[in-house]
Structure formats: structure tokens, C-alpha cells
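Here is a short note for a reader who is new to protein structures. Please keep the model open while going through the points.

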Amino acid sequence: MSGEEFVPLSLTPMLIGIFAAVACALPGNFLLLRRQALIGDAISHVVLPGIVVAFLMTGMIAAWPMMLGAAGAAIVAVILIEAIRRLGRIEPGAAMGVVFTTMFAGGVLLLEQSDTSTVHLDVEHALYGNLESLIWLDAIGWSSLFDATALAQLPVELPRMALTLVGVCLFIALFWRALKISTFDEGFARTMGIRTNLLGLGLVITAAVAAVAAFDAVGSIIVIAMFICPPAAARMMTNRLEDQIGWSVLFAVLSAVLGYVLAGYGPLWLGASDAVSAAGMIATVSGVILGVAARFGPCRSRAGAPAGI
Amino acid sequence: MTVTLANISAEEEACIAKSPLSIRGLTVTYGEKPAVFSVDMTVQPGQMTAIIGPNGAGKSTMLKAALGIVPPVSGRVQVFGRPLEEQRARIAYVPQRASVDWDFPTRVIDVVLMGLYRELGLLGRIGRSHRAKAMDCLERVGMGDFAERQIGQLSGGQQQRVFLARALAQGADLYLLDEPFAGVDAATEKAIISVLKSLREAGKTVVVVHHDLATVVEYFDNVFLINTRRVAEGTVAEAFTEATLQAAYGGRLATTQIDKLARV
């Protein structure tokens, strides 16, 4: 494919897909090891009331109020989950289950009881996002990357997702050591003065921000898949956290690129005429990678069971 | 003019100031039921103390609350006469082996390096001297050959020794261990007790939550008996007696067993 076709039509959606996938996969590594991987699923449900409230308050369907509403709802949910988990002394999965079903139900109720139900907040857009529409029509080829006027017309999701990814990377790089220690042994981390409650909250809020930004750009399917599939596949490739992070990034990028290409051209290769959803295909590819890692990964068996003395 | 709190005498204050770990009025509840009720403890410096009591008596909970791992309802904890938060660097803690997931993707040496967190800080680089220190701690517990192993490949006793090596890396003055001998092999038990005795010889203070009454006399200088409330505290000769054991364990130990244990 030539630059004239690739740059305007495929470059930006692919980059947004890659950024979104990596931004979710990075915190996903820690969430997985902390048995909190379902938080991606929880967040994609709880943003509904946030979006509805944002719409009721502003009366318009615009990106920023919706994102702020979604982020607000996600953070409320995260705090509720942590509070229920700690006060009720129950496992995180149960706390998430209670919070996200309640908030999702609240969102549906709000949607039906207000006149927002006539507004076009459709399911398909929320689930699959609209990756293919994030094109850069002002670009005429690779040279546009150096053209200020063309760059100004980049889809706004690209810088937003890139910024989110930078934020996620900064959080993980800055708190890497503390995150690792407190994920492995929370009690010990606390005796050394690490504020494990705040750190855990920081991690889920980072995940929530990544999820909301990705949700807005590419839909919830990618978010849910990327929090779990690349880190889980990566865990089966290595027994070192540092390497696991690397593998998860590789798998996230691979899913985004391969998924996008397969969605666009796969059906054509098979003789069909239409493309399929890129977001759906990206999630599918990540699932296939997980399946392959689960079957052939070098570190897929639980080593934790002590083998005698 | 000095003002003293009515219930704590000047003499007791002096005792608290010298003690590596002093606890006053510590109460912890799980739900409605108190797990630890109004416990006082004064650990003697440079000695080995066993915390003993029946299952569910609040031994581990007391230790965790004293370290701020679980929130107490009330109580005052002082470490070397200062508040806990100021003295974190002087404390090393060995949690129960079963409290962590040994499938965590990391190597033995990395676990020991975690003990250097306060020294390294959030972003400090791990240098050659840090690695050498971690290796030295592993050698001291006889695990030098296992540095590069994934922790999930270790036996229970080896895991326990790695935890002890991590505590050694902390370079503390007060060592608190939660059931370090639970489910370990005889060789590990011997290795751990010899390391703990060498710590005592170096002037460090060691406190161990202990479940095996048969080894108390052999291993420890002092005992602290707890069954939700403090039952007895003092030297093994004073506090590890038929009467105190009967009070702590109630009917759970046969009289003949108690006679055999408390033969001091």
C-alpha cells in the first residue's frame, strides 16, 4: 500500500489502536497479579451513568463532557470498590461485581427515566467504538507528517490517547518498585512505609483513566480484552515481571496491528466484499494470542506448588 | 514540674523508652469480636522472645497491628521509645509464608532486594554493592545457589529462608517473625534458629510468633503468652509455667503435656 493511501486512511487508526492497547495492557499486568483484572470490565460498565449525567448537565453529545462524566463515574466506582473491599473484608471480585452492576443499573434507569432515551447513545458505538472512522483526511502521504496544517487536522483521539499512554507509563515507571513490592507482599510493603492503600488506589485510577480514554476512542471491547489478554499471555511466557511487561506490550501492539489489518483485508482475502469491525478483530487476535500462549507458553504451569523439600 | 499520665508511671516510661517494642492497650477487632483485647507488651532488648498462644488467640494479629498492617481500634506502639512511623528503618518483618502468592513472577534475588527498598527509594538504581549485599544475605541462610531461581520453584522451607534473607537485607535492629517454623523441614528450622541466635549475639532483638511449645525452652529467652488478652510475660523460667500454660490454653492441653513442657 502506498503512503498516499496508508497515511490518511490507516496510520491514525492503527496508532490509536496501538496506544489504546498498550495503555490498557500496562496497568493490566499489575491488576492481573493482584487478582483485580476484572476492573476493566467494571469500568466499562460504570461509565454509563457518568455519560448520562454529563449529557443531562450539558445537553450535548460532545467528547469532553462525556469523557469527564465517564472518568468521574469510573473514579467513584473505584473508590466504592476499594471501600467495600476493605470495610467488608471481601475479595475484590465480589466488590467489583456489586459496584458495577449497581452503577450500570443506575445508568440504565437514568437513561430511561430522563428524555435522553431518544438521544442516539447507541450500543454499537459504545461496544465497538469507531476506530475505522478516526481517519486523517488532510494527509496526502508520508510528507504530511511534517506539514503543520495537515497535522492540525489529526483526529483529536490520537494526541489524547498518546497523552494517556505517556501518563500511564510515567505512573508505572515512577512507582515501579513500590508497585512490585506491594503487589507481591502487601503486609511487608506496609512495614517499610509504603502507603499501599494509596498506591492501590492510584493504580486503579490510572487504569480507569486509560480505560475511559480508550473507551472513547476505540470502544469497550478493546478495553476489556487489553486489560486481560496481553498480560495473561505474557505471564505464560516468562517468570520475571520485567520481561512480562515487555511481552505484554509486544502482544498488545501485535493485536492492534494484526487485528486492524485482518479486519480491513481479511474478508477480502476470503472473497467477501466488506471489512469487519477493527475493534472486534483486535480483541479476537489478542484472544488467539492468549490461547496460543496458554497452549505453548514456556511458563504456563503453576510452579507455586512446593515439590517436597 | 513534670506531668505524668495517671496510669503510666515514670518508671514504666523509662522502661518503654528502652524497649525495642512496647505496646500499651492494643485492641484489634475483626467485625464485632475482639481478636486482641487491651494488650500490653514490653519487649526486652537484645533477647529472643516467643509469642505463644492457642490458634486464633491473636498472636499474628497483635504483631500486624503493632506494625500498622491492620488498623487497631486503640493502643499505643513505640519502637525504641519513638513512634512507629519514625522507626520503620529499624524494623524487619517476616510475614507468614502462606500470606503471599509464590507464583509471582520474580526470582529469589529480586525478593531479597525488596528488603533494600528504604535504602534504594522509589527510583534509586540497584548497583553492584546492593546485589552483593543481597547475595550475602542469601548465603547466610544457605540459599546462595538459588539466587536466579523463580520463587515458585522453591520448597516451603526454602521460601521461608528467602523471606529471612530479605529481612536480613533490611539491616534492622528489631526482627519480627510470624510463624517462621510453620511447615518447614528440620534443616531449615536449624538454619533459621542459628541465624536468629547470631542476630541476638550481634545485639539485635528478635520476636517470633511461635506455635511449637516443645522448642520454647530451647530457643527463647522470654515468652509472651496471649489468648486475646495478655496471659503472662517474662523470662521462660518465670512465665512459661504450668499455671500460665493452663491459663492460656485452657483445656486444650492435657495436664501431662504441660508438666512435660514446663519443666523449668
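Predicted model: local features only at pLDDT ≥ 70, side-chain atom pairs only at ≥ 80, totals over all residues.

Which residue in β4(B) is the bridge partner of Arg24(B)?

1. The bridge partner of Arg24(B) is Arg76(B), in β4(B). Another bridge to β4(B) joins Ile23(B) to Val77(B). Both belong to the pairing of strand β1 (residues 22–30) with strand β4 (residues 74–79) of chain B, which is antiparallel and has four bridges.

2. Strand β1(B) also pairs with β2(B), again in the antiparallel sense, over six bridges. Here Thr29(B) is opposite Pro34(B) of β2(B). The two strands form a hairpin with two residues between them, and Gly31(B) has a positive phi near 70° in this hairpin.

3. These pairings are parts of an open sheet of four strands in chain B, in the order β2-β1-β4-β5, with antiparallel pairing. At the edges are β2 (33–42) and β5 (82–83) of chain B, each of which pairs on one side only. As background, side chains in a regular strand alternate between the two faces of the sheet.

4. Phe80(B) deserves a look in the loop between β4 and β5 of chain B. Phe80(B) is not a glycine, yet has a positive phi of about 50°. With 19 other C-beta atoms within 10 Å, Phe80(B) is partly exposed; a residue needs 20 or more to count as buried. For context, most residues other than glycine have a negative phi.

5. Arg35(A) sits in the loop between α1 and α2 (39–58) of chain A. Arg35(A) counts as exposed because it has 11 C-beta neighbours inside 10 Å, and the limit for exposed is 12 or fewer.

6. What is the secondary structure of chain A? Chain A has 13 helices and zero strands. The radius of gyration of chain A is 20 Å, close to the 19 Å given by the globule rule for 309 residues, so chain A is as compact as a globular protein of that length. The C-alpha trace of chain A spans about 65 × 50 × 40 Å along its principal axes. Of the 309 residues in chain A, 49% count as buried. Among contacts in chain A between residues at least 6 apart in sequence, 76% join residues at least 24 apart.

7. Chain B, by its own count, has 11 helices and 10 strands. Its radius of gyration is 19 Å, close to the 18 Å that the globule rule gives for 264 residues, so chain B is as compact as a globular protein of that length. The C-alpha trace of chain B spans about 55 × 50 × 40 Å along its principal axes. Buried residues make up 44% of the 264 residues in chain B. For contacts in chain B with a separation of 6 or more, 68% are between residues 24 or more positions apart.

8. Where the chains meet, 27 residues of chain A are in contact with 30 residues of chain B. On the chain A side, the elements that give two or more residues are α8 (176–184), α9 (186–191) and α12 (241–269) of chain A. That side of chain A has 13 nonpolar, eight polar and six charged residues.

9. The largest nonpolar core has 176 residues, and Ala74(A), Ala214(A) and Ile222(A) have the most contacts inside it. Helix α1 (residues 3–33) of chain A gives the most to this core, with 16 residues. Leaving out residues up to four places away in sequence, Ala74(A) touches residues including Ile43(A), Val46(A), Ala208(A) and Val212(A).

10. Is Val231(B) buried or exposed? Val231(B) counts as buried because it has 21 C-beta neighbours inside 10 Å. Val231(B) is in strand β10 (residues 229–235) of chain B. Beyond four places in sequence, the contacts of Val231(B) include Leu225(B), Thr244(B) and Ala247(B). Val231(B) and Ala247(B) are 16 residues apart in sequence, and their C-alpha atoms are 6.9 Å apart.

Methods. Residues numbered from 1 in each chain as written. Chains lettered and ligands numbered in written order. Pairing = 2+ DSSP bridges. Rg over C-alpha atoms; globule rule 2.2 N^0.38 Å. Contact = placed C-beta atoms within 7 Å. Nonpolar A, V, L, I, M, F, W, Y, C, P; charged D, E, K, R; others polar. Core = buried A, V, L, I, M, F, W, Y, C linked by C-beta atoms within 7 Å.
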